[in-house]
Amino acid sequence: MSELMEMLIRRGFLWQSFEIYGGMAGFIDYGPLGNGLRRRLENLWREFFVINERAVEIDTPTVNIEEVFIASGHAESFTDVAIECQKCGKVFRADHYIKEKLNIEADCTIEAVKEIIETYDLRCDCGGRFGEPFHFNLMFTTSIGPGKGKKGYLRPETAQGIFIAFKRLLDYFRSKLPFGVAQIGRAYRNEISPRQGVIRLREFNQAELEYFVNPKEKTHPQFERYANDVVRLVDKFDNEYEITLKEAVEKGIIAHELLAYFIGKTRRFLLKAGIKDDKLRFRQHKDDERAHYAVDCWDAEALTSYGWIEIVGIADRTDYDLRRHIEHSGEDLTVFVQFKEPIKVKKLKIVPDLKKLGPVYRKKAKAIAKALEELEVKDKNIEKVTVEVDGEKIEISSEFFSVEEVEEEIHGEKIIPHVIEPSFGLDRITYTILEHSFEKDTVDGEERKVLRLKRWIAPVQVAVLPLLSKNEFIKVSLEIVDMLRNAGIYTEYDDSGSIGRRYRRFDEIGTPFCVTVDHQTLEDRTVTIRDRDTTKQVRVEIDRLVDVLKELLSSEKDITEFGEIFKA
RNA sequence: GCGCGGGUAGUCUAGCCCGGUAGGACAACGCCCUUCCGAGGCGUUGGCCCGGGUUCAAAUCCCGGCCCGCGCACCA
């Protein structure tokens, strides 16, 4: 186990789940510090992707009914029967392999596949035999309700809940594109063999934004903010670039401005969260690598001890999901988009002559007239038309109407929005932050472990420490703890062991500042603030402490801006 | 899922080959000491991954499971 992992477990960031029952791969517990860190990360994400966009956050069930995933395509692409060669160990999708080798459309059941393999003595290319066929259904199944119940799945992504609620969301945004809908929550994939600690989990945390746009307007009003940011890109042909986003769009490396915008925003977010710029790149999915719903996808990848790992996927899902849900639910999930200028179209139109229709068709005349107006005609000299009124087909001859050329104004069109989806793996980002922050340095000739978390993300922001565990010191310290907690600062207190030992404890968990109550405090109500990274201390009046700490915690200012350097 | 290696207090580790009292270090906790960068004194808590087998006796040998690491495969 790495030194970092050992620390994370020992100090309460992460634990193996179900430990006392022997554990189960693919599940982790977030301990107090890990949970705090991930919550801080989620809030930072909200600032970027909800508060600073035309976007909202919703929360939908983790248990979903089967229909959702039949529509989304997950039921199909997740429920495969696989066969594994016992000699070379290669795994194939059984139906694909049988089709390719025998040209048989096999049923996707274990029994059918097994029978075909046995009947035809199907072998692997290497000559090896296949073992028992097995399912790899990457979705967890469950049943809803008593008895046999209704089949349900745990969601493999949070996104579908947003697509399902699209009609309501569109109303919420008063039918106006573009808008974004975010969801932070759990998702589940029943991985065949999860490994690599927290990198591949069966239950994991996602933060997803579905940003709905007019397909003709894949732009963003705030693109300029990131247009000149230089990013590291690897395209689908493995070409590498260090290039501004503006240039990447101009050169066609990134398909459109909106993808580039979210790449830029994602990068700024990750840097603010504490991921190192030189260990971050954006890589385009190769054609055979993309999910079934995406036309283009860029992953943010971070360099860790596991190599480059995917931490964010930014996909152009086009209208795939909404289109599928329109088809399967029968609901109209389109958006009416007004043109800037109404388009004038010349067309032929039937003008009914009600004076003549009335006496002949009596009560039906009005309905016939309406039907006539809706008819499309191409020929001006048409002699008769057939209309359908209340299920009855009626032939109307040209004496009852005239055909005129009219100019019509078309004010807009119905479209299915496209969706750009930045999807964040919170567990992986949390872990990467920890790896990128964990360092060792030397203080007074001794090695120390220090977690250089960004101040605004640290789970414990301030530790209050009495220099001596004497009542006078403790009393003042506890008053300060109370004061800081009241001000909303995550504060801990510790009086056990020597002061140096306690500084080390808090360095190790990434606490940016320690406030020490010493002899001088008792004389003039000042304390020292110690900076985790430099171990420098400044002396500050207790009355100013909340303001000073708040400013320090929301910026990267140096503590020496706030007081005299203290030398013990 | 296959192959190889591993699993001993919170952490690291000795013991395992060759069966017979599980030992250390650090951490944690309490008291004393008092001291601005992990090293004082005294004391305390806590452990052989789980299940089965062999044996008078299993941390140790055997089998199965779970977990961890590595390689292969999988990761829409």
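A: Start with helix α17, which gives the most to the surface near RNA strand B: 6 residues. Keep in mind that this is a predicted model. Helix α17 covers residues 499–508. Other elements that each supply at least two residues are α1 (3–11), α4 (74–78), β23 (446–451) and β27 (526–531). In total, 53 residues lie around RNA strand B. G22, G500, R504, D518 and A568 come nearest. By class, this surface has 18 charged, 18 polar and 17 nonpolar residues.

Now turn to a sheet. Three strands form an open sheet, in the order β4-β9-β8, with antiparallel pairing. Strands β4 (63–65) and β8 stand at the edges, and each has a single partner strand, so one side of each is left without a neighbour in the sheet. From one strand to the next, the twist averages 45°. In general, strands of a sheet pair through backbone hydrogen bonds.

Take the two pairings in turn. Strands β4 and β9 run antiparallel, joined by 3 bridges. Here N64 has Y153 in β9 as its bridge partner. β8 and β9 make a hairpin, with 5 residues between them. Look at G145 in that turn: its phi is positive, at about 90°.

Definitions and conventions: Residues numbered from 1 in each chain as written. Chains lettered and ligands numbered in written order. Predicted model: local features only at pLDDT ≥ 70, side-chain atom pairs only at ≥ 80, totals over all residues. Pairing = 2+ DSSP bridges. Helix = DSSP H or I, 4+ residues; strand = E, 2+ residues; numbered from the N terminus. Near = placed C-beta within 6 Å. Nonpolar A, V, L, I, M, F, W, Y, C, P; charged D, E, K, R; others polar. Axes fitted to C-alpha atoms, helices over the stretch in contact; angles between N-to-C directions.
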